[in-house]
Amino acid sequence: MIRSYPVRYPGYPSSAMPIYEFDCDECGTRFEELLDVGTRSVVCRNCGSGRTHRRYSAQAAAFQLVKSPGEARKQEARNAELQKRTKADFKARRKAAREARARAGGPDG
Ligand SMILES: [Zn+2]
């Protein structure tokens with residue numbers, strides 16, 4: 001049996017990439033894929049058939065992003081915090097670059 005493990009995409013929050021389990025209708029192989037949310041079907045790892053369907057397994061449930069309204073609010077707060085930090089980081093870097101340019105004499109000499 002072929003098993004796949006979560007791949008870390010650089011710069012990608014791993015929690016945003018859920019693992020889905022698929023069954024192949026052609027050969028019966030069960031396999032896991034790390035996919036964007038909303039992907040319905042993939043090609044079978046074993047036989048290459050496109051006739052696969054997604055399973056709603058315990059494994060997938062463990063990767064659910066939202067558990068309860070309270071959890072959802074906490075997750076949203078975390079997301080907002082992360083977004084704020086990313087934005088602040090970007091601004092700081094942009095400012096540093098601008099200052100470096102100014103020190104170097106500026107774009108117009
Ligand atoms: Zn197959």
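Predicted model: local features only at pLDDT ≥ 70, side-chain atom pairs only at ≥ 80, totals over all residues.

Analyst: Start at D23, which stands opposite H53 in β3. Residues are numbered from 1 along each chain as its sequence is written.

Strand names come from DSSP: strands are E runs of at least two residues, helices are H or I runs of at least four, and both are numbered from the N terminus. Two strands count as paired if DSSP finds at least two bridges between them. By that rule, β1 (residues 19-24) and β3 pair in the antiparallel sense over four bridges. On to β2: five bridges join β1 to β2, again running antiparallel, and here Y20 stands opposite E33.

Put together, you get an open three-stranded sheet, ordered β2-β1-β3, with antiparallel pairing. The edges are β2 (30-34) and β3 (52-55), each pairing on one side only. From one strand to the next the twist averages 40°, with axes taken as lines fitted to C-alpha atoms (for helices, over the stretch in contact) and angles running from 0 to 180 degrees between N-to-C directions.

Now for the link and the faces. The hairpin of β1 and β2 has five residues between the strands, and G28 takes a positive phi near 85° there. As for β1 itself, Y20, F22 and C24 make up its covered face, while I19, E21 and D23 make up the uncovered one.

Terms used
Buried ≥ 20, exposed ≤ 12 C-beta atoms within 10 Å, placed from the backbone.
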